[in-house]
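Take a look at the fold below. Follow the sheet strand by strand, then turn to the pocket.

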Amino acid sequence: MSVLEGIMIDLSIVLGSAEVPIRQILQMSRGAMIPLDCGQDDPSLVYVNGELVAKGRILVDGERMSLEISELVKKSRH
């Protein structure tokens, strides 16, 4: 077993975002839709520990979803 296998990371895949008032959230019922600030062909963003590391696209095959990485994002120097 590699020493790296025990390291935990926080991985987030962001499809899009929206600003929604809490009152609207509280009034939503099952099946409600929230419009996102992106289009169907816009890339999804991959964050590791809060830092953008890649862009890709969501693939759907029946009940399974996966992410195809299309671009690695270079780390910006601070």
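Which residue in β4 stands opposite leucine 59? Serine 66 does. This is a predicted model, in which local features need pLDDT of at least 70, side-chain atom pairs count only at pLDDT 80 or more, and totals for chains, interfaces and linings use all residues. Residues are numbered from 1 along each chain as its sequence is written, and side-chain values use heavy atoms, with hydrogens and water left out.

Start with the sheet. It is open, has 4 strands in the order β1-β2-β3-β4, and pairs antiparallel. Its edge strands are β1 (11–14) and β4 (64–72), each of which pairs on one side only. On average, neighbouring strands are turned by 35° against each other, direction ignored. Strands here are DSSP E runs of at least two residues, numbered from the N terminus. Two strands pair if DSSP finds at least two bridges between them. The axes behind the angle are lines fitted to C-alpha atoms, and angles run from 0 to 180 degrees between N-to-C directions.

Now take the pairings in turn. Strand β2 (residues 44–48) joins β3 over 5 bridges, in the antiparallel sense. Valine 46 has alanine 54 in β3 as its bridge partner. In the hairpin of these strands, 2 residues lie between them, and asparagine 49 takes a positive phi near 50°.

Strand β3 (residues 51–61) runs antiparallel to β4, with 8 bridges joining them.

Go back to β1, where valine 14 lies. Valine 14 is partly exposed because its relative accessible area is 28%, with buried meaning under 20%, exposed over 50% and partly exposed in between (1.4 Å probe, protein chains only). Beyond its neighbours within four places in sequence, valine 14 is in contact with Ser44, Leu45 and Tyr47; contact means heavy atoms within 4.5 Å. Glycine 56 is 42 residues away along the chain, and its C-alpha atom is separated from that of valine 14 by 10 Å.

Finish at the largest pocket. Its lining is Leu15, Cys38, Gly39, Gln40, Asp41, Asp42, Ser44, Arg57 and Ile58. By class, 3 of these residues are nonpolar, 3 polar and 3 charged. Asp, Glu, Lys and Arg count as charged; Ala, Val, Leu, Ile, Met, Phe, Trp, Tyr, Cys and Pro as nonpolar; the others, Gly among them, as polar.

Note on methods. 1 Å grid on protein atoms, 1.4 Å probe; cavity = no way out; pocket = protein on both sides within 12 Å on 5 of 7 lines; lining within 4 Å.
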